[in-house]
Amino acid sequence: MIGDERGWDPGSRALPIATGFLMLGLSIYLILRETAKEQEEQTVPSGARKLILLTIVLSVLYILAFRVLGFILSTAILLFTLIYFNYHENVRLKLLPRLSVGLISSTVFVLLIYTAGRFITRSLFYLGRARGYELFTSKVFSAFVVLLFAAVLFAVLLVFFRKTVNKPETRSLIIAGLMAAGVTEGLYLVFKQIFLVNLARGIVFW
Amino acid sequence: MVELLSGIRQVFNLNTILWIALGEVLGIIIGALPGLTATMGIALLLPLSFQLGRATGMGLLLGVYCGAVSGASIPAILLGIPGNPNAIATVYDGQAMTKKGLAGQALGGAVVASFIGGILSLIALSLFSPLIARFTLAFGPAEKATLALVGLTIIASVSAKNLAKGILTGAFGLALAFMGTDPFTDTLRVPFPELLAKTPLVGGIKLIPALIGLFGVSQVLYDLERIQGGRLAPPQLKIEKVFPPLRKIASMWRIILESTGIGTLIGAIPGTGASIAVFLSYERAKRITASPRSKLEKVGSGCLEGVIAPEVANNAVTGGALIPVLSLGIPGDSGTAVLLGALLIKGVVPGYQLFSQNLDLVYAILFALLLSNVFMLTFQLLGVRIFPKVLSIPMALLLPVILVLSMIGAYAIEGQAVLAATFDMGVALVLGIIGYYLKKADYPTAPIVLGLILGGLLEVNFRRAVKLARGNYLVFFTKPIAVVFIVLAVFSVVLPLIQRRRRP
């Protein structure tokens with residue numbers, strides 16, 4: 001680069017190229033060494049291998065869809081799908097019909113909680129402004145109130161489902177749905193509401 | 001005096017105290033869950049600390065660090081599975097005590113030992129780091145460049161069974177650090193410039209997304225391999241009489257002091273880490289108790305002495321590992337590498353500058369570490385029957401949550417710029433996948449982090465030194481301190497090779 005030589009600078013390329021040669025040399029050495037001796041294969045169970053692949057693929061899709069679908073929807077879908085398949089310790093086609101039912105219900109559920117949370121936050125803010133209750137305008141306070149609301153709701157739902165649902169397949173669906181919604185709302189409250197991180201809204205515009 | 005008071009004020013306020021307490025609880029939980037490491041915990045909470053003030057953010061991370069190191073003893077004692085490598089030597093006597101029905105004593109002893117180790121090493125940290133930092137005043141560019149080289153070569157040689165693999169991953173970290181713009185000329189320096197110049201990657205690889213990827217995402221993928229086989233059996237034990245008799249602990253003064261010394265010293269050597277310190281202190285305690293004159297129970301027979309020694313050592317590592325971080329800017333282990341990253345991101349430069357210009361922050365860090373240790377003792381003793389319950393949390397639930405937390409954590413750094421933040425998620429994912437495959441092929445990931453952190457320091461000072469010497473590359477051999485560092489770097493590379501030759 002122009003100017004690199006002026007002032008006896010070793011230059012912009014000196015260390016990157018040196019590092020490159022070091023890596024190249026070591027790689028050749030390691031390749032020759034590894035091929036010379038028998039490598040013992042580490043076996044990963046096929047179910048786990050599929051889960052790892054699914055996690056990587058869904059994570060890529062998550063990043064691609066993040067700005068379009070928004071944080072709430074994409075996070076809830078990713079979490080639900082991963083927890084559901086992890087519970088079954090494998091990725092099987094026969095799990096798909098239940099997955100789609102669960103996905104739709106958990107998406108609706110997370111949207112309801114999110115909407116309720118937004119309503120509570122805005123109402124508190126409005127009350128704070130209109131009536132002069134300064135505490136109500138605090139972002140931490142409103143996040144705490146929403147968190148409390150969500151926690152109570154989840155506790156009630158958990159107790160209800162524990163008493164009424166006995167089938168393990170349905171239970172795994174419900175746990176995945178509740179967990180996905182809870183974690184998504186929790187992360188939203190911490191990162192967006194308290195720390196004002198601009199989590200993409202996507203199609204969830206309200 | 002003003003700095004001391006300012007440091008106290010920065011830590012002893014409700015906000016910071018609560019964040020440290022939260023960090024401690026999360027740390028204990030992360031430490032107690034087998035497979036989740038202290039480094040991963042710190043990396044995951046790094047974005048949150050980024051949103052807080054300097055002292056509060058560091059307090060949160062130190063809380064996680066302390067908690068995760070001590071929490072690892074819970075599954076080691078109850079199930080015989082260490083929560084992370086810090087508790088690898090606690091398994092022997094801890095598990096044997098549980099089998100004897102002394103689980104409460106073992107857990108309580110481990111907590112008290114962790115507290116003693118943490119506090120004693122904190123004293124060592126406060127005594128030695130200012131002295132070493134003062135020494136760095138004599139460092140010019142040549143010394144700084146060779147110091148960065150020492151940090152890199154030591155971690156590359158210690159963290160890998162195979163030296164070539166360690167150096168290769170260290171060089172990979174350096175290559176990542178060099179991406180972006182040239183520090184002197186601001187010219188673009190990225191591979192595939194036609195493509196990458198239009199993306200946020202033009203600014204280089206950011207440290208936090210890289211750390212989250214290497215320690216968070218890669219760990220999720222790695223632990224997915226072990227998801228089959230279900231959850232761990234939650235221990236159904238009656239935990240009674242938790243606090244060990246003080247007289248018994250006092251009688252172990254020699255074990256405690258030697259383990260603290262070993263932990264602090266090993267922690268302070270870059271790249272070594274707790275897993276070496278715990279074995280050394282365990283072996284040392286074995287020798288002390290095996291002596292015919294010793295009135296202590298023999299280590300290895302399922303006694304408190306065998307729990308106290310490694311637990312004192314692993315928490316002594318926390319203070320020891322912070323000594324080179326604060327005084328030289330070279331981390332002692334991967335956990336403190338992430339802590340160093342947190343400091344650098346906040347614009348704090350370790351070394352003499354930190355002790356002269358940001359002394360209040362140094363005090364705040366020391367007080368935060370003190371508070372973390374006090375919280376660790378309190379929470380672990382109070383929650384001795386509660387924390388073991390986290391062992392029943394299924395990995396099936398936990399791993400997706402950690403993955404999402406990693407993604408959002410990487411995103412939160414560029415909190416306002418959605419496109420750049422989304423790219424950071426991509427960086428975390430790609431490095432996570434690379435980290436996973438490296439780990440599987442037995443390549444260490446710690447040197448990558450060191451390369452990323454020290455790359456800038458190495459390059460800027462290397463070029464500055466050569467420039468100041470009017471293009472003379474031999475300048476590094478004309479400065480005595482730099483020569484010492486070069487000898488150390490060569491020594492750290494050659495020593496493992498000689499040791500391997502000697503082994504039959």
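Predicted model: local features only at pLDDT ≥ 70, side-chain atom pairs only at ≥ 80, totals over all residues.

Analyst: Cys303(B) is buried, at a relative accessible area of 1% (buried means under 20%, exposed over 50%, partly exposed in between, with a 1.4 Å probe and protein chains only). Cys66(B) is buried too, at 0%.

Residues are numbered from 1 along each chain as its sequence is written, chains are lettered from A and ligands numbered from 1 in the order in which they are written, and side-chain values use heavy atoms, leaving out hydrogens and water.

How far does the predictor trust its work? For chain B the average pLDDT is 87, and 97% of the residues score at least 70; pLDDT is the predictor's confidence in each residue, from 0 to 100. The complex as a whole receives an ipTM of 0.91 and a pTM of 0.88.

Now to the meeting place. Chain B brings 61 residues to the contact and chain A brings 55 residues, where contact means heavy atoms within 4.5 Å. Together the two chains bury about 5100 Å², with 75% of that on carbon and sulfur atoms; buried area is the accessible area (1.4 Å probe) that two parts lose on being put together, summed over both.

There are also 2 salt bridges across this interface, each a side-chain nitrogen of Lys or Arg within 4 Å of a carboxyl oxygen of Asp or Glu. Asp9(A) pairs in a salt bridge with Arg463(B), their closest N and O atoms lying 2.8 Å apart. On the chain B side, the most residues that touch chain A come from α19(B), which supplies 12 residues. Helices here are DSSP runs (H or I, at least four residues), numbered from the N terminus.

Leu399(B) belongs to α19 of chain B and is buried, with a relative accessible area of 1%. Apart from neighbours within four places in sequence, Leu399(B) is in contact with Asn86(A) from the other chain, and with Val220(B), Asp223(B), Leu224(B) and Ile227(B). By C-alpha atoms, Leu399(B) and Leu102(B) are separated by 32 Å, and they sit 297 residues apart along the chain.

Key. Helix = DSSP H or I, 4+ residues; strand = E, 2+ residues; numbered from the N terminus.
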